Amino acid sequence: MISQKFFFTTALLKWNNTSNNRPMPWKGEKDPYKIWLSEIILQQTRVEQGWDYYNRFVAAFPDINKLAKAPETKVFKLWEGLGYYTRCKNLIATAKFIAKEKKGKFPDNYDNILKLQGVGPYTAAAIASFAYNLPYAVVDGNVFRVLSRFFNDDTAIDSTEGKKIFTALAQELLDKKQPGIYNQALMDFGAVICKPKLPLCKQCALQSSCGAYLKGLVNVLPVKEKKVPQKTRWLFYFIIEHNSKVYVRKRGTKDIWENLYEFVLVEATAATDAVRLEKLPAFKKLFKKGTYNIETISKLYSQKLTHQTIHGQFIKIKLKNKVEIEGYQSVSQKELASLPFPKFITTYLKDKNVSLNLL
């Protein structure tokens with residue numbers, strides 16, 4: 001009798017050969033630089049969103065040396081809107097490391113790929129198998145989901161035990177002769193058939209041996225044990241203008257949106273209005289009475305991040321006299337357009353009800 005494990009691998013590859021037509025610009029790519037670029041972009045990002053970013057990066061930086069030599073602000077600007085900006089920081093650091101220390105040659109074995117900044121086991125396995133056909137299984141939440149369902153295993157996929165079990169199982173199932181093709185097939189299968197919600201069980205090539213389907217547990221598996229605590233923050237941005245320039249700063253480390261730019265920030269505890277704003281200690285520290293005019297206060301904007309939800313508003317203020325604001329610099333409209341901002345700010349700037357000319 002055919003084993004369930006053998007069936008999984010052979011049926012998956014057959015589905016890939018006969019039915020998998022999922023298009024992606026990096027699919028079948030053998031250049032490790034482009035594979036690495038696509039994998040970094042796809043960390044915490046849907047393929048549909050990452051597609052255009054990948055094409056723009058390849059057009060702007062066709063090889064790793066050009067990326068390494070690019071001004072960091074230009075790279076962050078190109079990344080603008082993609083989120084999880086630590087990925088961009090790691091992208092720049094790794095490009096510079098390979099260009100300088102490896103003379104532009106990308107590592108060609110799993111262990112050295114894994115040592116690169118921002119590269120974990122999943123990304124290393126993807127690069128090693130796609131670029132060099134090395135036998136390393138890709139293992140992430142999507143793979144865990146497919147394996148948990150097919151083998152009807154209710155071990156929590158985010159537990160230490162679960163990660164160990166499913167990682168070992170993924171490696172055992174891997175087709176060692178064509179690991180790149182197998183890994184891509186498994187990722188595609190999780191994306192288009194065995195989806196997190198509303199999986200296409202009726203169209204599934206693995207249905208006849210899928211434990212979760214046969215037991216009616218598809219919507220129960222996989223199991224997760226951890227709940228990430230959420231917090232709420234209120235950010236109020238002051239767009240302060242004087243002599244056709246506005247004040248901005250580059251955000252520092254140890255918080256969201258590292259290395260991106262922002263307007264003058266005051267963090268508060270709730271939504272506000274002009275009267276309450278002017279009573280805030282932080283506001284009084286910035287402005288003396290009679291030295292400014294509040295021109296507009298925007299509607300409330302919100303953005304949900306992985307571990308927190310951001311609410312806030314944008315307040316346009318015109319100064320009567322120039323002031324020095326510690327940590328901020330005044331820039332022209334032209335300079336402003338070249339700076340990378342977090343999505344929370346660019347959403348406001350692109351709003352159809354907001355003039356793109358801040359000045």
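The following legends describe close-up views of a predicted model.

**View 1. Confidence across the predicted model.** The average pLDDT of the protein is 91, and 97% of the residues reach a score of at least 70. Residues 352-356 have a pLDDT below 50, and this stretch makes six contacts in the model beyond near neighbours in sequence.

**View 2. Helix 3 and its buried side.** Helix 3 comprises residues 47-60, and its end C-alpha atoms lie 20 Å apart, in agreement with the 20 Å that its 14 residues should span at 1.5 Å a residue. The buried residues of this helix are Val47, Gly50, Tyr53, Tyr54, Phe57 and Val58. Because these residues cover an arc of only 135 degrees around the axis, they lie on the same side of helix 3. An α-helix has 3.6 residues a turn, so residues three or four places apart point the same way. The packing partners of the buried residues of helix 3 are helix 2 (32-42), helix 5 (72-79) and helix 6 (86-101). Glu48 and Ala59 are exposed and belong to the face of helix 3 that is turned away from its buried side.

View 3. The buried residues are Pro179, Gly180, Tyr182, Asn183, Gln184, Ala185, Leu186, Met187, Asp188, Phe189 and Gly190. Their cover includes helix 1 (4-18), helix 8, helix 9 (141-150) and helix 10 (160-173).

**View 4. Asp188 and its polar contacts.** Asp188 belongs to helix 11, which covers residues 179-192. With a relative accessible area of 0%, Asp188 is buried. The side chain of Asp188 forms a polar contact of 2.9 Å with the side chain of Arg22. A polar contact of 2.7 Å links the side chain of Asp188 to that of Lys27. Apart from neighbours within four places in sequence, the residues in contact with Asp188 are Trp15, Asn20, Arg22, Met24, Lys27 and Ile193.

**View 5. Ala126 in helix 8.** Helix 8 runs over residues 121-132 and contains Ala126. Ala126 counts as buried because its relative accessibility is 0%. When residues up to four places away in sequence are not counted, Ala126 touches Ile35, Glu39, Ala131 and Val138. Asn183 is 57 residues from Ala126 along the chain, and the C-alpha atoms of the two residues are 7.4 Å apart.

**View 6. Strand 2 and its pairing partners.** Strand 1 (residues 231-242) and strand 2 (residues 245-250) run antiparallel and are joined by two bridges. The residue opposite Lys245 of strand 2 is His242. These two strands, strand 1 and strand 2, form a hairpin with two residues between them, and Asn243 in the turn has a positive phi of about 50 degrees. Strand 2 also runs antiparallel to strand 7 (residues 329-331), to which three bridges join it. Here Val248 stands opposite Gln329 of strand 7. A further antiparallel pairing, over three bridges, connects strand 2 with strand 3 (residues 261-268). Lys250 has Tyr261 of strand 3 as its bridge partner.

**View 7. Glu258 between two strands.** The loop between strand 2 and strand 3 contains Glu258. Its relative accessibility is 14%, so Glu258 counts as buried. The side chains of Glu258 and Lys89 are in polar contact at 2.7 Å. Beyond neighbours within four places in sequence, Glu258 is in contact with Phe76, Tyr85, Lys89, Arg251, Gly252 and Thr253.

**View 8. Asp158 in a loop between helices.** Asp158 is placed in the loop between helix 9 and helix 10. A relative accessibility of 15% means that Asp158 counts as buried. A polar atom of the Asp158 side chain lies 2.9 Å from the backbone nitrogen of Glu225. Residues touched by Asp158, not counting those up to four places away in sequence, are Lys163, Val223, Lys224, Glu225 and Lys226. Tyr110 is 48 residues from Asp158 along the chain, and their C-alpha atoms are separated by 24 Å.

How values were computed: Residues are numbered from 1 along each chain as its sequence is written. This is a predicted model: local features need pLDDT of at least 70, side-chain atom pairs count only at pLDDT 80 or more; totals for chains, interfaces and linings use all residues. Side-chain values use heavy atoms; hydrogens and water are left out. Helices (H or I, at least four residues) and strands (E, at least two) are DSSP runs, numbered from the N terminus. Buried means under 20% relative accessible area, exposed over 50%, partly exposed in between (1.4 Å probe, protein chains only). Contact means heavy atoms within 4.5 Å. A polar contact is a pair of N or O atoms within 3.5 Å; within protein, one must be able to donate a hydrogen and the other to accept it, and residues adjacent in sequence count only if both atoms are side-chain atoms. The expected span of a helix is 1.5 Å times one less than its number of residues. The arc is that of the directions from the helix axis to the C-beta atoms. pLDDT is the predictor's confidence in each residue, from 0 to 100. Two strands pair if DSSP finds at least two bridges between them.
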